[in-house]
Amino acid sequence: MGGLYVFGTERHEARRIDNQLRGRSGRQGDPGASKFFVSLEDDLMRIFGGERIANMMDRLQMPENAPISHPMVTKMIKQIQVKVEGFNYDMRKSLVEFDDVVNKQRKIIYDRRRTILKDYSDQPDKLRQMIMGIIEKELGTIWNMSLDPVTMVPDYRKLVIGFGEIVPIPEDQRKKLKDGIKDKKEEETIDWLFDKFKQIYDKREEVLGPEASREIEKSVLVYTIDNLWVDHLTALDSLKEGVRLRGYGQRDPLVEYRKESYEMFQDLLAKIDNHVARRILRVEVGLRQQSTGVQEGRGKMINPNQPQPEQTSQNQEQGKKIQPIVSDQPSPGRNDPCPCGSGKKYKKCCYPKYE
């Protein structure tokens with residue numbers, strides 16, 4: 001009747017867990033007691049100073065199984081737990097700070113994706129304007145990449161190749177395109193190429209229709225964002241694992257992570273525009289043609305909704321009732337010769353067999 005007695009076989013890293021176990025022994029004023037045992041080989045003692053106590057026991061020539069119960073030992077274990085709790089708190093705090101960086105980028109990507117799926121569905125003209133803005137931006141990037149780093153003179157061959165990645169251009173028309181942009185300034189070249197893209201894009205929209213064109217734009221944008229975002233998250237995980245080692249170089253891992261993750265996110269946004277610009281005109285659409293009820297036959301057109309002569313005659317024959325054959329001659333017996341002339345008995349030849 002002395003209440004609950006709690007035995008603890010080790011001390012936990014957190015004092016909160018030990019206090020919860022102690023509290024089980026005295027609920028609502030009931031009697032009870034608790035006692036904890038610690039081994040010098042426990043992880044808590046082995047990592048944080050258990051060797052000093054073991055060496056002291058060896059110097060004093062104490063038996064190996066002799067229990068040590070002293071307030072100093074209890075105080076030392078409490079100090080060890082405080083150190084471990086502080087270490088775990090720093091780890092949790094660091095994890096939250098690292099996750100905040102990813103969470104800000106995630107919010108930007110999800111807002112952009114939600115805008116494409118929801119807001120632009122109600123305002124399809126804005127979706128087209130967004131695609132045109134991406135194309136115009138990419139044309140400016142292609143112009144900058146075609147410039148010679150020393151003379152700053154554009155290489156029109158590279159410019160045509162870059163434009164061919166956005167708009168499928170046959171080989172025989174590339175020379176004509178190169179002649180059209182030759183000796184033009186930056187703004188004139190970008191405007192001229194943008195007009196070419198817009199003409200091709202408008203022609204395709206006339207063929208497919210505005211609704212189908214908006215669906216293509218929406219699908220390409222969402223597909224590109226989803227795939228590149230997954231790759232970006234994988235790259236951030238790899239960065240998080242490696243950036244912690246920079247603490248040995250007297251650099252704050254969190255600052256390094258924020259800096260490099262921002263640069264990676266800017267590259268992600270540029271890759272999204274780059275992929276969308278190069279996919280938007282290369283999507284092939286298979287239009288579903290409504291069945292007109294007319295099928296092509298051999299040498300003539302057949303309408304399955306109208307009965308054909310052969311089908312009519314077959315239907316008429318099937319509709320006729322089968323009339324039984326009536327003969328004036330009496331039916332032969334089972335053992336009589338078969339009237340078919342086979343020479344066999346009637347029961348083994350033409351005699352009707354019922355299953």
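Which residue forms a salt bridge with Arg278, and how far apart are the closest N and O atoms? I will answer that in a moment, after a word on the model.

This is a predicted model, so local features need pLDDT of at least 70, side-chain atom pairs count only at pLDDT 80 or more, and totals for chains, interfaces and linings use all residues. Residues are numbered from 1 along each chain as its sequence is written, and side-chain values use heavy atoms, with hydrogens and water left out.

Now the answer. The partner of Arg278 is Glu138, and their closest N and O atoms are 3.2 Å apart. A salt bridge here is a side-chain nitrogen of Lys or Arg within 4 Å of a carboxyl oxygen of Asp or Glu. Arg278 sits in helix α10 and Glu138 in helix α5, residues 124-146, so this pair ties together parts that are 140 residues apart in sequence. Helices are DSSP runs of H or I with at least four residues, strands are runs of E with at least two, and both are numbered from the N terminus.

Are these two residues buried or exposed? Arg278 has a relative accessible area of 17%, so it is buried. Glu138 is buried too, with 4%. The cut-offs are these: buried is under 20% relative accessible area, exposed is over 50%, and partly exposed is in between, with a 1.4 Å probe and protein chains only.

Next, the chain as a whole. It has eleven helices and four strands. Of its 355 residues, 27% count as buried. A contact means heavy atoms within 4.5 Å. Among contacts with a separation of 6 or more, residues 24 or more positions apart account for 63%. The chain exposes about 26600 Å², and carbon and sulfur atoms supply 51% of that. Those areas come from the Shrake-Rupley method with a 1.4 Å probe; for residues, only the protein chains shown count as cover.

Back to salt bridges. The count comes to 16. Another one joins the side chains of Glu205 and Arg214, at 3.3 Å from N to O. Glu205 is buried at 16%, and Arg214 is buried at 10%. Both belong to a network of salt bridges that links Arg128, Asp202, Glu205, Arg214 and Glu217.

A further pair is Glu260 and Arg246, whose side chains meet in a salt bridge at 2.5 Å, N to O. This pair links distant parts of the chain, 14 residues apart: Glu260 is in helix α10, and Arg246 is in the loop between α9 (210-243) and α10. Glu260 is partly exposed at 23%, and Arg246 is partly exposed at 22%.

Which side chain makes a polar contact with that of Glu256? It is the side chain of Arg246, at 3.1 Å. A polar contact is a pair of N or O atoms within 3.5 Å; within protein, one must be able to donate a hydrogen and the other to accept it, and residues adjacent in sequence count only if both atoms are side-chain atoms. Glu256 lies in helix α10, residues 253-279. It counts as buried, at 15% relative accessibility. Leaving aside residues up to four places away in sequence, Glu256 touches Val243, Arg246 and Arg251.

In the loop between α9 and α10 there is also Gln250. Its phi is near 60°, a positive value in a residue other than glycine. Most residues other than glycine have a negative phi. Gln250 is exposed, with a relative accessible area of 74%.

For Cys338, the nearest cysteine sulfur is that of Cys340, 3.2 Å away. Cys338 counts as buried, at 6% relative accessibility. The sulfur of Cys350 has its closest cysteine sulfur in Cys338, at 3.6 Å, which is too far for a bond. Cys350 is partly exposed at 43%.

Last, the surface. Tyr5, Phe7 and Phe37 make a nonpolar patch of about 350 Å². Patches are made of residues with over 30% relative accessible area and no salt bridge; like charges are joined within 9 Å, and nonpolar side chains (Val, Leu, Ile, Met, Phe, Trp, Tyr) within 5 Å. Phe37 is in the loop between β2 (32-36) and α2 (43-47). At 44% relative accessibility, Phe37 counts as partly exposed.

Note on methods:
Disulfide = S-S within 2.5 Å.
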